[in-house]
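Subject: Handover of a structure model

Dear colleague,

Please find below the structure that I am handing over to you. My notes on what was found in it follow directly after.

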Amino acid sequence: MSVLTRDEAQTRAQLLDVHHYTVDLDLTTGDETFASTSLIRFTARAAGDTFVELKPETLHSAVLDGEPLDTAALDGNRLPLTLTEGEHTLRVSTTMRYSRTGEGMHRFTDPTDGETYVYTQLFMEDVQRVFAAFDQPDLKAVFEVSVTAPEGWTVLANGITEQQPDGRWTAAPTPPLSTYFVCVAAGPWHSIRTEHAGLPFGIHCRRSLAPHLDADADEILDVTRACYDRYHEKFDEPYPFDSYDQAFVPEFNAGAMENPGLVTFRDEFVFRSAVTDTERMTRAMVIAHEMAHMWFGDLVTLRWWDDIWLNESFAEYMGFQTVNEACSDRFADTWTDFGVTRKAWGYEADQRPSTHPVAPDPDAVPDTASALLNFDGISYAKGASALRQLVAWMGEEDFLAGINIHFKRHRFGNATLADFIDNLAAATDRDVHGWAERWLRTTGVDTLTPRLEGGGKRWRLTVDRDGSRPHRIRVGVYDRDAAGDLLLRERVWADVPQDAPIPLDGPRPALVVLNDGDLTYTKMRFDEVSRETALRSLSRIPDPLTRAVVWNALRDMVRDGELEPAAYLETALAHLPEETELAVVQGVLGFARTQIADRYVSEADRPGALATLTALTRDLLRRTEDGDSPGLRLTAVRAFIDSATTPEKIAAWLEDGTVHGGPELDPELRWRILARLAVLGAVDEAAVAAELDRDPSATGQEGAARCRAALPTPEAKEAAWSAMFDSDDLSNYLFTATAQGFWQPEQSELVGPYVPRFYPAAVALAERRGPAIAEAAGRWAFPSYAVDAASLSLGERHLAQHPMLPALHRKLTDQLDDVRRALKARD
């Protein structure tokens, strides 16, 4: 299959003006394939040759202006077209294959009740798996979609759908859309419908999840309405589509997809087990993120994929900011969660060999395969951080004024980075073009370090910068009171680089926190006194966002080899039991468990690291016995299970069906315990099968796959390996679950022989199954436990010597860099 190049897209955009698609899909033709017909009306501005894309199981016919085309001319995914100047119609009839990888038209049968659902995910170039199209973002057109579905199904689409007397469903014509936004979701959905601001709103899930969606429907719809209203306060342009549906769909690869009028979410957001308020806030943020795309991405769309950050960075920033504003009565400061979780994702991505600018040079994104690699922590978290810094620098009023100019100038069209910056510049006297060049066209993370000089009660603060970007930051200055608590003396604004040191009146501060409030994107270090204060008194800092900034600094220091992993664990043991912000607890525990205990400490020191985590989680469990902090207790229970080195305690919980003092074990906790017991060799296949009988749901199937792969027997490992790499039967989710169970540090001798087998197996698998499974293989099936020079050398040789799918190459490049960093931390 040929990937589309930027040059080809530009040439085709100069030749064609695409007006209208009529798409007809028949989902009643069997379990493996469906019928697809597309009728495209377009204009050729001149005579010339071009092509239309499709990836059919069978191409039945293609008719251009009434004349049949040779179907044998289909070359991979391209059907050549020779055009005269003027109006044309192209009708293409195909049989298409359903997907089990979350790409194209994904088909899923729910093991709970046997009901089947299908939905489309057409991002980047997967529309070709569903119908023939001129597949590039700047050839927008109106779409009219009709679907023939089995009896008892409901069909959702970008516009309002109606069932016709002949059993077909027709969707209202859309405004002009890019091809990758077309969406269909069909099945016996459980639906909750309402109306807001004169528009139909709906939320949908598979029937087996109906009780769980019903339980959260008020919260989901309240968040949706609040964000919708807040965006209408921010944006002059009204919501541009005829309805707003949100479908929670199974085995979805992304968190969500911003299809106009029909946003699709992974249905793990329909919580069937207990979750924390932080997880609920994440769901709210994703709702807000996708709604922001209705304007930035859907109404105004990038011209080519080098500007993907224009979609994702904007939606990421707006998602957190809008939930912070519109849902403040339900959720605490969302920016604390952003700083602990999302921002760390950006920092990690930006320090790898595969880093790239937020807005890469167009030549760096020559085709769709390379563009797909940029959906990472840079395009999301770093870009959102850059926008937050931009707002701090130019002011929110001017920022929103520039955004509204952008919408007005490019509504239902396409725009570039240059357009965006020009529109922001039209709303401010600031040098936005210069800012963009230094922030959006550069890579890497700056590091800011405070330097204090003076004595007595007269001190001067200088901020040293290792890097090149300008920063507008707030500096927090803290004193210690007689009880040992840290009190904020003042917050001062600083522009880096500085014109002059900042005078600080009073005694030498006990703690100086650069980037207090987390308004910029930078690593932060401490002066000598502040470092000691941070390590000894972190829990005494009054503001949770400031504590998050300090924890992030300590995290970066561990990753950079400037703070011993054991020191981070001891700091967590000392201060996390006093932490009140759940996002901070989850972030610190997650880093300590998955990075420090599993990778950054040596095999000999790992039991001690797990013992520290066990002691820490016991402290948290004791603190939450009164039931006042259910989210914190749930977090502690999960971490205790994951860190268990002996089976007795968690096995007793499983036997009793409850944790002493709560909570009762729901399906998520039962599978979590069983997975850890499998790693420890304390259960067998019979126990896994019995639990699957108890919970035969799709989540139960994934839990069983994870547990079976984690069993410490040669037979279990070989069976799991064969399921992943020797056959193509596993869906994307079952592949991931199996991979998550396979590699375990406790089983290094058992899984060691599979390390050299991984690379050739992953390359072959990626070639067969495509980018989604390639990414999953590189992320989840990589032997990340193997932190040693020999494994690193093996991976580097294979990466250098063997061609592979770009998605896999990028993932392995990042994984091997993480191994190098872990080795440095161990040294």
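N515 is buried, with a relative accessible area of 2% (buried means under 20% relative accessible area, exposed over 50%, and partly exposed in between, with a 1.4 Å probe and protein chains only). This residue has a positive phi of about 60 degrees, although it is not a glycine. N515 sits in the loop between β27 and β28; helices (H or I, at least four residues) and strands (E, at least two) are DSSP runs, numbered from the N terminus.

The model is predicted: local features need pLDDT of at least 70, side-chain atom pairs count only at pLDDT 80 or more, and totals for chains, interfaces and linings use all residues. Residues are numbered from 1 along each chain as its sequence is written, and side-chain values use heavy atoms, with hydrogens and water left out.

Cavities and pockets

N515 also belongs to the lining of the largest cavity, together with Y347, D518, T522, K523, M524, V549, N552, A553 and D556. On a 1 Å grid over the protein atoms alone, a cavity is a set of points where a 1.4 Å probe fits but cannot get out, whereas a pocket is an open set with protein on both sides within 12 Å along at least five of seven lines; lining residues have an atom within 4 Å of a point. β28 (523-524) and α12 (544-559) are the elements that give two or more residues to this lining, and the largest share, four residues, comes from α12. By class, the lining of the largest cavity divides into four nonpolar, three polar and three charged residues (Ala, Val, Leu, Ile, Met, Phe, Trp, Tyr, Cys and Pro count as nonpolar, Asp, Glu, Lys and Arg as charged, and the others, Gly among them, as polar). The space in the largest cavity is about 60 Å³; grid points are joined across faces, edges and corners, and a volume is the space filled by probe spheres set on the points. Across the whole structure, the search finds five cavities of 30 Å³ or more.

The second largest pocket has a volume of about 420 Å³. It is lined by 24 residues, of which T276, D277, L582, G631 and L632 are the closest to its centre. At least two lining residues are supplied by each of α3 (277-293), α14 (582-600) and α16 (630-643), and α16 gives the most, with five. The lining of the second largest pocket comprises 12 nonpolar, six polar and six charged residues.

Strands and sheets

Seven of the 10 residues of strand β24 (residues 471-480) are buried, so this strand is largely enclosed by the rest of the structure. β24 pairs with strand β25 (residues 486-496) in the antiparallel sense over 10 bridges; two strands pair if DSSP finds at least two bridges between them. β24 and β25 form a hairpin with five residues between them, and G484 in the turn has a positive phi of about 95 degrees. The bridge partner of R480 in β25 is L486. β24 is also joined by three bridges to strand β27 (residues 511-513), again antiparallel, with V477 opposite V512.

Elsewhere, five strands form an open sheet of mixed pairing in the order β15-β16-β17-β19-β18. Its edge strands, β15 (190-196) and β18 (256-257), each pair on one side only. Within β15 lies S191, which counts as partly exposed at 27% relative accessibility.

Nonpolar cores

The largest nonpolar core has 124 residues, and those with the most contacts inside it are Y21, F131, F134, F399 and L440. A second, separate core of 88 residues includes I473, L554, V584 and L632. A nonpolar core is a set of buried Ala, Val, Leu, Ile, Met, Phe, Trp, Tyr and Cys residues joined through side-chain atoms within 4.5 Å.

Backbone points to check

E251 has a positive phi of about 55 degrees although it is not a glycine; E251 is buried, with a relative accessible area of 6%, and lies in the loop between β17 (244-249) and β18. The peptide bond from V496 to P497 is cis, with omega near 5 degrees, and P497 is in the loop between β25 and β26 (502-505). Another cis peptide bond joins G662 and P663, with omega about 5 degrees.

With kind regards
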